[in-house]
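Here is a short note to read beside the model. Please keep the sequence and the 3D view open together.

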Amino acid sequence: MIEFFLPDAAATDALGALLAQTQPANAIVHLQGDLGAGKSTLARAWLRALGVAGAIRSPTYTLVEHYPLSGGGKALHLDLYRIAGAGELEFLALDDAAATLWLVEWPERAAGALPDADLRVELAVAGEGRTARLLGGTGTGTDWLLRMSKTVACDALLTR
Ligand SMILES: Nc1ncnc2c1ncn2[C@@H]1O[C@H](COP(=O)(O)OP(=O)(O)OP(=O)(O)O)[C@@H](O)[C@H]1O
Ligand SMILES: [Mg+2]
């Protein structure tokens, strides 16, 4: 587990970039936290850092947005807040084998129907800023956190 204090939205962006730079080739990430905790901010910064150039919309109503990645592969950004039930996931074409990165907001709304998370990011409001707790859910996830913790960018973010 690694915990960060993110004093402003720029710090959330920096965490998104750090995760993009250190992520394994395939990763399933659950983004948890209340309304306004910063899940979409983190996802947007992450996708930008992976080279996504066009508009990055919050999938509030579409439930899912697809992004081809320049390095090959494909990212899925999901926001399941408005999903009617776990069964609705089947209609979102999530069986796409090309999906290499999953960024899932409100995963708890489709509990049991989503693949297990390699990494869970728990965001919470803390005064004017946010806290982010990163928890590995698989061997891939714990290796990732260890690798990330050894980077200079991680140190810089921890001392903000
Ligand atoms: N570390 C931070 N400190 C202060 N404000 C932040 C921080 N990170 C993000 N914000 C701000 O919080 C607001 C809400 O962020 P965001 O839309 O990412 O939340 P969300 O968790 O996706 O919410 P929802 O559940 O409604 O989708 C935005 O105005 C964003 O700029
Ligand atoms: Mg959001």
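Predicted model: local features only at pLDDT ≥ 70, side-chain atom pairs only at ≥ 80, totals over all residues.

1. Residues are numbered from 1 along each chain as its sequence is written, while chains are lettered from A and ligands numbered from 1 in the order in which they are written.

2. The protein chain has four helices and seven strands. Helices (H or I, at least four residues) and strands (E, at least two) are DSSP runs, numbered from the N terminus. Along the sequence the pattern is β-α-β-α-β-β-β-β-β-α-α.

3. The C-alpha trace of the protein chain spans about 45 × 35 × 30 Å along its principal axes.

4. Look at helix α1 (residues 9-22) and helix α2 (residues 39-49): their axes come within 7 Å and cross at roughly 50°. Axes are lines fitted to C-alpha atoms, for helices over the stretch in contact, and angles run from 0 to 180 degrees between N-to-C directions. α1 and α2 are therefore oblique to each other. Oblique is what remains after roughly parallel (under 35 degrees), roughly antiparallel (over 145) and roughly perpendicular (65 to 115).

5. Which residues of the 17 around ligand 1 come nearest? They are Leu 6, Gly 38, Lys 39, Ser 40 and Thr 41. A residue is near if its C-beta atom, placed from the backbone, lies within 6 Å. α1, α2 and β7 (129-136) are the elements that give two or more residues to this shell.
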